[in-house]
Amino acid sequence: MYKICLALLCPFIMVFSCQDNNSTTENSKVEKTQVAKAPVEKIIKAYGFTLNNYKVINDTVSKGDFFGSIMDKHGVTPSEVYEITQSIPDTVFDFKRINVGKPYTILKTKDDSMNKPYAFIYEHNKIDYTKVFLGDSIYAEKAKKPVTVKKKTASGVINSSLSLTIDEAGLDYMLTNRLADIYQWTIDFFRIKPGDRFKVIFKQKYINDTIYAGIKSVDAVLFEHEGEPYYAFEYEVDSLTGRTEYFDEKAKTLRRFFLKAPVQYSRISSRYSPRRFHPVQKRWKAHKGTDYAAGRGTPIWSTADGVVIKSSYTRGNGNYVKVKHTNKYTTQYLHMSRRAVKVGQRVKQGEIIGYVGSTGLATGPHVCYRFWVNGRQVDPYKQDLPDAEPMPEAIKPSYFEFITD
């Protein structure tokens, strides 16, 4: 026991002994004068430039600013601005589309006695930007900031609304819109219940591996609504175009020929009914449409692909649009604040055809959505509507292998 204790203590005795000797030795040494080293300049790179080599001006487009006025602040004459704008085609950079709130950077060479810009860099968004070179050679280049993609998993239980649950989990609010888009044919997100739950696998973009730049994709979702699971897996159906679609665990498409609603609405204010008391005319009559209450100016979508056969105004309908989808199906959208399409125009499912208003016989902003089958007005909620194009049989084996990985 004594030997064990001695063995454990020996290293400490040696350390303390060495420390005392070192202390004596250090005290006996003559202190040397330390020479301070000049700090090394940190190299800063951005937009493909080494910024240390330039005078850098970072600014934001203010109200009333345009390219000429910005250049004028930095010594570029109107004739020089004209030469710049004429040298670069709009397809590369449209000088007329410089928007308020967008950041820009001006680089000036440090040895330029004229103090004029060498480059103008305009940020279209967090990732895309355009470099306009203003030296002896005038040209422009489109570019992107380096982006990394990270896979994330999130889940939640809904107490009140999907958007609030997403927000409380600290997730990007755009995830709410992505989920609503994926399930827009199958789940009414204005009627989800407390206790509904979800799990989602998605990818997020980061600039320089640190700055969050939004959601890249939603790869897979399980949404449990009223105890029933709704799966969604994103899968490429066209390798040439890169087009993807969402399918469930049985390879059935989540898309339908028709959207569930023509607008992002707050509530259904009036349903299809053979007898309803009209709030404006003050009498009982049939209401052969579904009213979706929404804020004035909310976009109205065509619920399916088709051709616009009417885009007009009447005293009762107000501004309205009618779309023929097939020989069997036609839809109509009433009370718009303004119309966005013309007769004969082809529209795609989800394309904006107008904006919510209260024109015609309407007491408040909403869209009255009407639905015809073989020329007869019906309640769309009671129709057995067709699915969109199914998954090709040839790719089903690879799909099932994909979702089980």
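The questions and answers below concern a predicted model of one chain.

Residues are numbered from 1 along each chain as its sequence is written. In this predicted model, local features need pLDDT of at least 70, side-chain atom pairs count only at pLDDT 80 or more, totals for chains, interfaces and linings use all residues, and side-chain values use heavy atoms, with hydrogens and water left out.

Me: How many helices and strands are there in the chain?
Reply: Helices (H or I, at least four residues) and strands (E, at least two) are taken as DSSP runs and numbered from the N terminus. On that basis the chain has six helices and 24 strands.

Me: What percentage of the residues in the chain is buried?
Reply: Buried means under 20% relative accessible area, exposed over 50%, and partly exposed in between, with a 1.4 Å probe and protein chains only. The chain has 405 residues, and the buried share of them is 37%.

Me: What is the accessible surface of the chain?
Reply: Accessible areas come from the Shrake-Rupley method with a 1.4 Å probe; for residues, only the protein chains shown count as cover. Carbon and sulfur atoms hold 52% of the surface, and the total is about 24,500 Å².

Me: What share of the contacts with a separation of 6 or more is between residues 24 or more positions apart?
Reply: A contact means heavy atoms within 4.5 Å. Among contacts in the chain with a separation of 6 or more, the share from residues 24 or more positions apart is 59%.

Me: Which residue forms a salt bridge with Asp209?
Reply: A salt bridge is a side-chain nitrogen of Lys or Arg within 4 Å of a carboxyl oxygen of Asp or Glu, and a search of the whole structure finds 14 of them. Here the N to O distance is 3.9 Å. Asp209 sits in the loop between β9 (197-207) and β10 (211-225), and its partner lies 59 residues away in strand β8 (residues 147-157).

Me: What is the phi of Asp209?
Reply: Asp209 is in the loop between β9 and β10. Although Asp209 is not a glycine, its phi is positive, at about 70 degrees.

Me: Where is Ala251, and is it buried or exposed?
Reply: Ala251 has a positive phi of about 70 degrees and is not a glycine. Its place is in the loop between β12 and β13. With a relative accessible area of 5%, Ala251 is buried.

Me: Which residue meets Arg255 in a salt bridge?
Reply: The N to O distance of this pair is 3.9 Å. Arg255 lies in the loop between β12 (243-247) and β13 (267-270) and the partner in strand β12, so the bridge ties together parts that are ten residues apart in sequence.

Me: Which residue forms a salt bridge with Glu393?
Reply: Glu393 counts as exposed, at 57% relative accessibility. The closest N and O atoms are 2.9 Å apart, and the partner is Lys396.

Me: What is the C-alpha distance between Leu259 and Ser302?
Reply: Ser302 is in the loop between β17 (299-301) and β18 (306-314), and Leu259 is in the loop between β12 and β13. Both count as buried, Ser302 at 0% relative accessibility and Leu259 at 6%. Leaving out residues up to four places away in sequence, Ser302 touches residues including Leu259, Val323 and Tyr333. Leu259 and Ser302 are 43 residues apart in sequence, and their C-alpha atoms are separated by 8.3 Å.

Me: Which element supplies the largest share of the lining of the largest pocket?
Reply: On a 1 Å grid over the protein atoms alone, a pocket is an open set of points where a 1.4 Å probe fits, with protein on both sides within 12 Å along at least five of seven lines, and lining residues have an atom within 4 Å of a point. The largest pocket has a volume of about 490 Å³, a volume being the space filled by probe spheres set on the points, which are joined across faces, edges and corners. Both α4 (162-168) and α5 (174-182) supply at least two lining residues each. The largest share, four residues, comes from α5.
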